[in-house]
Structure formats: C-alpha cells, structure tokens
Amino acid sequence: MDKQQVEERIVEVLKTVYDPEIPANVYDLGLIYRIDYNAEDGSLDLDMTLTAPGCPLADFIMEDVRQKVMSVEGVKTAQVNLVFEPEWTQDMMSEEAKMDLGFL
C-alpha cells in the first residue's frame, strides 16, 4: 500500500473508535488533530485531544486509538499524543457528527 492508502485506512479505523459517552466517533468529533505517517519506516505520529481535559475515559480512548491504528497494514509503530491546543470546540465536528448529536 502507498502512503495515501495507508492514511485513508488509518482514517477508516479511527472512525471505529468512540467515546463511550458520546455516540459519534473520534474522527468525526474532530478530536484527531494530526496524522503523520512515514511510509519509509512505518511510523505513525498522531495528535488527538478530548472533548474535556478531565475525561475519565482518556486512557481507554487513547489505547483504543493506538490498537486500531497499529492494526493497519504498513503501520509498524504508533505514537498517540494527547494535546489540548487548540482547545476542542463543537465547531470541529463534522456535519455528520453534528447531525448525529442533534446540533443541526
């Protein structure tokens, strides 16, 4: 698989990760800030945030993200970084997530 195919597959698996308290996936919620895949060595560096800094499920969600992206063919290592800049807002959600959550 080429770099673009791997990145598309990463997005696909991220759309299967849900915050148990919110019926929308982390990608459509806008919680994934950066996906940096290096096709040469198979490393993935991913920045993500949470809807609230004190989220009690942070470790669970981050581990779910890490396990899912590690299952993608071509990804050999994955670093999942939790960041809070910029601060997440509802404006970062996809139209689909806004509809699912009743914001539209």
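Biologist: How many bridges join strand β1 to strand β2, and do they run parallel or antiparallel?

Modeller: The model is a predicted one. In this model, β1 (residues 32-38) and β2 (residues 43-48) run antiparallel and are joined by six bridges.

Biologist: What do β1 and β2 form, and how many residues lie between them?

Modeller: The two strands form a hairpin, with four residues between them. In the turn, G42 has a positive phi of about 75 degrees.

Biologist: And in which sense do β2 and strand β3 pair?

Modeller: Strand β3 (residues 77-82) pairs with β2 in the parallel sense, over six bridges. D45, for instance, has Q79 in β3 as its bridge partner.

Biologist: Turning to the largest nonpolar core, which residues touch the most other members?

Modeller: That core has 29 residues, and those touching the most other members are I10, L44, L46, M48, V65, V69 and V75.

Biologist: Which elements give two or more residues to this core?

Modeller: They are α1 (3-14), β1, β2, α2 and β3. Helix α2 supplies the largest share, five residues.

Biologist: What is I10 in contact with, leaving aside its neighbours within four places in sequence?

Modeller: I10 is in contact with I35, Y37, L44, V69, V72 and V75. Among these, L44, V69 and V75 are also listed with I10 as touching the most other core members.

Notes: Residues are numbered from 1 along each chain as its sequence is written. This is a predicted model: local features need pLDDT of at least 70, side-chain atom pairs count only at pLDDT 80 or more; totals for chains, interfaces and linings use all residues. Side-chain values use heavy atoms; hydrogens and water are left out. Two strands pair if DSSP finds at least two bridges between them. A nonpolar core is a set of buried Ala, Val, Leu, Ile, Met, Phe, Trp, Tyr and Cys residues joined through side-chain atoms within 4.5 Å. Buried means under 20% relative accessible area, exposed over 50%, partly exposed in between (1.4 Å probe, protein chains only). Contact means heavy atoms within 4.5 Å.
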